[in-house]
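Here is a short briefing to read alongside the model. Take a look at the fold, then go through the points below.

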Amino acid sequence: MPIAVDIDVMLARRKMSVGELADRVGITPANLAVLKNGRAKAVRFATLAALCEVLECQPGDLLRWEAEDAAEG
């Protein structure tokens, strides 16, 4: 998929665990893992907003576009 998810990068910068982020955002750790690992088909704007609020970042810090051939290699 050409959209890459960089939640793990922001977690490392904020020295925060997946469990803590899930608790603070109000989603299950399993659903956060699906999103973090790039397996999600969609993300609600409310969830994206909550992630940005907790991580003190912009949506572009969490999501980025990659060309298809770069994502496959």
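Starting at the N terminus, the elements of the protein follow the order β-α-α-α-α-α-β-α. That makes six helices and two strands, where helices (H or I, at least four residues) and strands (E, at least two) are DSSP runs numbered from the N terminus. This is a predicted model: local features need pLDDT of at least 70, side-chain atom pairs count only at pLDDT 80 or more, and totals for chains, interfaces and linings use all residues. Residues are numbered from 1 along each chain as its sequence is written, and side-chain values use heavy atoms, leaving out hydrogens and water.

**Overall packing**

- Of the 73 residues of the protein, 32% are buried (under 20% relative accessible area, with a 1.4 Å probe and protein chains only).
- Among contacts (heavy atoms within 4.5 Å) between residues at least 6 apart in sequence, 62% join residues at least 24 apart.
- The C-alpha atoms fill a box of roughly 35 × 20 × 20 Å along the principal axes.

**Cysteines**

- The structure holds zero disulfides (a disulfide being a pair of cysteine sulfur atoms within 2.5 Å).
- Cys 52 is in no disulfide, and its nearest cysteine sulfur, that of Cys 57, is 4.2 Å away.
- Cys 52 is buried, with a relative accessible area of 8%, and Cys 57 is buried too, at 9%.

**Asp 6**

- Asp 6 sits in the loop between strand S1 (3-5) and helix H1 (7-14).
- Asp 6 is buried, with a relative accessible area of 13%.
- Setting aside neighbours within four places in sequence, Asp 6 contacts Asp 61, Leu 62 and Arg 64.

Methods:
Buried means under 20% relative accessible area, exposed over 50%, partly exposed in between (1.4 Å probe, protein chains only).
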